[in-house]
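Here are some notes to read alongside the structure, written for someone opening it for the first time. Have the view open and follow the points in order.

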Amino acid sequence: MLVELSVTNLGVIAELRLLLGLGLTAFTGETGAGKTMLVEAIDLLVGGRADPVLVRPGATEAVVEGRFVTAEDREIVLSRVIPAVGRSRAYVDGRLAPVAQLAEWGRVLVDLHGQHAHQSLLAVQAQRRALDSFADSPLEALVAARAEVARLDAELSALGGDERARAREIDLLRFQVRELEEAAVTDADEDEALAAAEDLLADAVAHREAAATALDALTAEAGALDALSGALGALQGRRPFADQESRLRALVAEVGDLSTELRHAGEAIDDDPERLNAVRTR
């Protein structure tokens, strides 16, 4: 409940102080008397937009203060300062506060009814409180019933939903099983084997060329094998290099084996478009 309102330099109002009592208070007067400014002042107290044009001409700032008493009989003072230049300031019980805090208090303390004003009756919580108050019946049983419904819903969900949901899931599973059976999938790693086969067949020509290039680098004249054999011949029979000679001999043998494997691997790659198409289809 608003019990006192103080307004300074707001629009046509130079200075105003109102003490409000219980019951209905009506503000009347001719156009331009400042009735709208009173509503604007209250709107500013509950977080409304602070426009510098509201400041009275010639003044540096407008000040609005309101003293309220809550349903718990607690007294609270909300204040708003609107400078002619710059951002507005908000206060709660004399302490600086964000405008959002005024809006929070406004939802509890004030209900403005207008075309573009705060209307608490649109809030679900307010509607529920009004309905509960009108019904004037104990809510304990309703609260317990809602808790029981929530528990049963959770239990039903854990069991897999309702019958229609289970039927849909069973149909989907049957369809998937049928697809697997028709595809005759017996190897869990078949997709990886197919991917490897596709890579081999799709790039068969390039694979063979790569093998040939590597083989040529190893076995051609002045290639790696010739260079290693030359190094082995230079060290052969010289005691200070016995260990190195042994390692070079092993390298020559390894390169020889590698060259043979490369030749066989390259020759084994076939360019087979039909096989490639079958793999991709699979």
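**Notes on the model**

1. Start with helix α3, residues 124-135. Its 12 residues reach 16 Å from the first C-alpha to the last, which is close to the 16 Å expected at 1.5 Å a residue. Look just past the end of α3 and you'll find Asp136, with a positive phi of about 50°. Keep in mind throughout that this is a predicted model.

2. Helix α5 gets the same kind of check. It runs over residues 163-183, and its 21 residues should span 30 Å at 1.5 Å a residue; the end C-alpha atoms are 30 Å apart, so the two agree. After α5 comes Ala184, and its phi is positive too, near 55°.

3. From Glu182 to Ala196 it's 14 residues along the sequence and 23 Å through space, C-alpha to C-alpha. Ala183 is also in α5, but it is partly exposed, with a relative accessible area of 28%. Between the C-alpha atoms of Ala183 and Glu148 there are 48 Å, and the two are 35 residues apart along the chain.

4. Now for the inside. Which residues have the most contacts within the largest nonpolar core? They are Leu5, Val7, Leu10, Val64, Phe68 and Leu78, in a core of 32 residues. At least two residues of this core come from each of β1 (2-10), β2 (13-19), α1, β3 (61-69), β4 (75-83), β5 (89-92) and α2 (99-109). The largest share is from α1, which supplies 6 residues. Apart from this core lies another one, of 7 residues, and Leu218, Leu228, Leu235 and Val255 are among them.

5. Leaving out residues up to four places away in sequence, Leu5 touches Leu16, Arg17, Leu18, Leu38, Ile42, Leu45, Val64 and Glu65. With the same exclusion, Ser6 touches Leu16, Arg17, Val63, Val64 and Glu65. Ser6 belongs to strand β1. Is Ser6 buried or exposed? It counts as buried, because its relative accessibility is 8% and the cut-off for buried is under 20%.

6. Strand β1 also holds Asn9. Its phi is near 60°, a positive value in a residue other than glycine. At 22% relative accessibility, Asn9 counts as partly exposed. Asp93 is another one to check: it isn't a glycine, yet it has a positive phi of about 55°. You'll find Asp93 in the loop between β5 and β6 (95-97), and it counts as partly exposed at 38% relative accessibility.

7. Next, the largest pocket, which holds about 410 Å³ of space. There are 16 residues lining it, and Leu2, Leu20, Thr25, Phe27 and Ile42 lie nearest its centre. What does the lining look like by class? It has 12 nonpolar, 3 polar and 1 charged residues. Helix α1 (residues 35-45) gives the largest share of the lining, 4 residues.

8. Beyond its neighbours up to four places away in sequence, Glu245 touches Leu232, Leu235, Gln236, Gly237 and Arg238. One of these, Leu235, is also a member of the 7-residue core.

9. Finish with Arg280, in helix α10 (residues 273-281). Setting aside neighbours within four places in sequence, Arg280 is in contact with Glu198 and Ala202. How far apart in space are Arg280 and Pro138? They are 70 Å apart, C-alpha to C-alpha, and 142 residues apart in sequence.

Definitions and conventions:
Residues numbered from 1 in each chain as written. Predicted model: local features only at pLDDT ≥ 70, side-chain atom pairs only at ≥ 80, totals over all residues. Heavy atoms only, no water. 1 Å grid on protein atoms, 1.4 Å probe; cavity = no way out; pocket = protein on both sides within 12 Å on 5 of 7 lines; lining within 4 Å. Points joined across faces, edges and corners; volume = space filled by probe spheres on them. Nonpolar A, V, L, I, M, F, W, Y, C, P; charged D, E, K, R; others polar. Core = buried A, V, L, I, M, F, W, Y, C linked by side-chain atoms within 4.5 Å. Buried < 20%, exposed > 50% of the residue type's maximum accessible area, 1.4 Å probe, protein only. Contact = heavy atoms within 4.5 Å. Expected span 1.5 Å × (residues − 1).
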